[in-house]
Amino acid sequence: PPPAAPGAHQPGQRGPAPGGPPSGPQPGFQYSAHFAEGVQPAQQYPGQGGHPETAEDLRAENLVSDKRPGPSKGWRKVLHSATFGLIDVGESAAEQRRRELTERARTHVGGGHHRVAVLSLKGGVGKTTTTVALGSMLASLRGDRVLAVDANPDRGTLSDKVRLETAATIRDLLNERGSISRYADIRGFTSQANSRLEILASDRDPAVSEAFSEDDYREVSWLLEHYYSICLTDCGTGLLHSAMRGVLGLADQIVLVSSASVDGARSASATLDWLEAHRYGSLVRGAVVVLSMVRTGKSSVDLDRLEQHFASRCRSVMQVPWDPHLEEGAEVDLDRLAPGTRDAYLQLAATVGEAFAWPR
């Protein structure tokens, strides 16, 4: 190549090029070796903010790529597995809905302990079955402890819905409450289903059960709240017995069960009337009404009209379809429920679970 003109910058020369930074320290100029070498300043990553990096800058959102959960069932899962994850069509709408309901059912209990009272003035509408199915769904989805308590003064049937592990009752727990100091102690008075739901049974002798008072229920409830996050109470069909005052006085929300019939709906609505007349209006507004289908086949009752009536008074209304497994009246097993019934109880668990985060 032809010789460069005098004073021109030569390749490899350390001196300044025309218009470049002056050589050596100069007044008012901060010398940068990176600039002199033509190196750009280091890239600023999210979380640095110009300060020295610490362990707090190593966050998952900066280091881990965001991956959607793969399909859990159906042809989407087969395709995802066959291609080793290279083809991912995502979750179906049903899977997304199921995941959203599950997250709502897993809502953290804001107050540390939450009480749900399951009510019905009319017998034979599925109140106890609803208590066990709802409790089983919550217990199977959550990591904390869920307990169902039988507060029926007329020989409750809650103990018939799970396999009993002990003959102890709520009266035995009340009599020996002074010896309870840890969860292992109280576990000897309960029976646990496969879903992890625990049951505290009532006395089978109606004469003894009738003596269970408001003070007794409050004493047991105070003891239970130290060991369980959620307590569901299976109430009796009466509203005037002593224990019911304790149940309603401590309840954070209620689930009102009704059959999809004229007399069942009128009894359920009368229950709401009684609660509002006795200063339990907040429980009515936050209540969940369950229309339980106790018979197979299409009902001649206008279910939409029933839903409209209860929706105008309560927080939510939902239907639980008739199920052959529940009709047996024996132990409740979630795995034996029909898909539609299981989905209905998942929706019920999500609706009830939403209230766990509310302040009392």
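At what angle do the axes of helix α4 and helix α15 cross? In this predicted model, the answer is roughly 40°, with the axes coming within 7 Å. Find α4 at residues 93-105 and α15 at residues 339-354. An angle between 35 and 65 degrees is neither roughly parallel nor roughly perpendicular, so α4 counts as oblique to α15. The crossing of these two helices is left-handed.

Now look at who is touching whom. On the α4 side you'll see Arg-97, Arg-98 and Leu-101 among the contact residues, and on the α15 side they include Asp-343, Leu-346 and Glu-354. Sorted by class, the contact of α4 with α15 has 5 nonpolar, 4 polar and 5 charged residues.

Next, stay with α15 but turn to helix α5, residues 127-141. Here the packing angle is about 75° and the axes are 9 Å apart, which makes α5 roughly perpendicular to α15. Leu-134, Met-137 and Leu-138 are among the α5 residues that take part, meeting a set in α15 that includes Tyr-345, Leu-346 and Val-352. The contact of α5 with α15 has 10 nonpolar, 2 polar and 1 charged residues.

In soluble globular proteins, nonpolar side chains tend to be buried together. In this model, the largest nonpolar core has 48 residues, and Leu-119, Leu-173 and Phe-310 are among those with the most contacts inside it. Helix α10 (residues 242-250) gives the most to this core, with 5 residues. Zoom in on Leu-173 and you'll find that it touches, among others, Ile-180, Phe-189 and Val-220. A second, separate core has 40 residues, including Ala-350 and Val-352.

Note on methods
Residues numbered from 1 in each chain as written. Predicted model: local features only at pLDDT ≥ 70, side-chain atom pairs only at ≥ 80, totals over all residues. Heavy atoms only, no water. Axes fitted to C-alpha atoms, helices over the stretch in contact; angles between N-to-C directions. Helix = DSSP H or I, 4+ residues; strand = E, 2+ residues; numbered from the N terminus. Parallel < 35°, antiparallel > 145°, perpendicular 65-115°, else oblique. Left-handed = near helix turned anticlockwise from the far one by under 90°. Contact = heavy atoms within 4.5 Å. Nonpolar A, V, L, I, M, F, W, Y, C, P; charged D, E, K, R; others polar. Core = buried A, V, L, I, M, F, W, Y, C linked by side-chain atoms within 4.5 Å. Buried < 20%, exposed > 50% of the residue type's maximum accessible area, 1.4 Å probe, protein only. Lists of a residue's contacts leave out its neighbours within four places in sequence.
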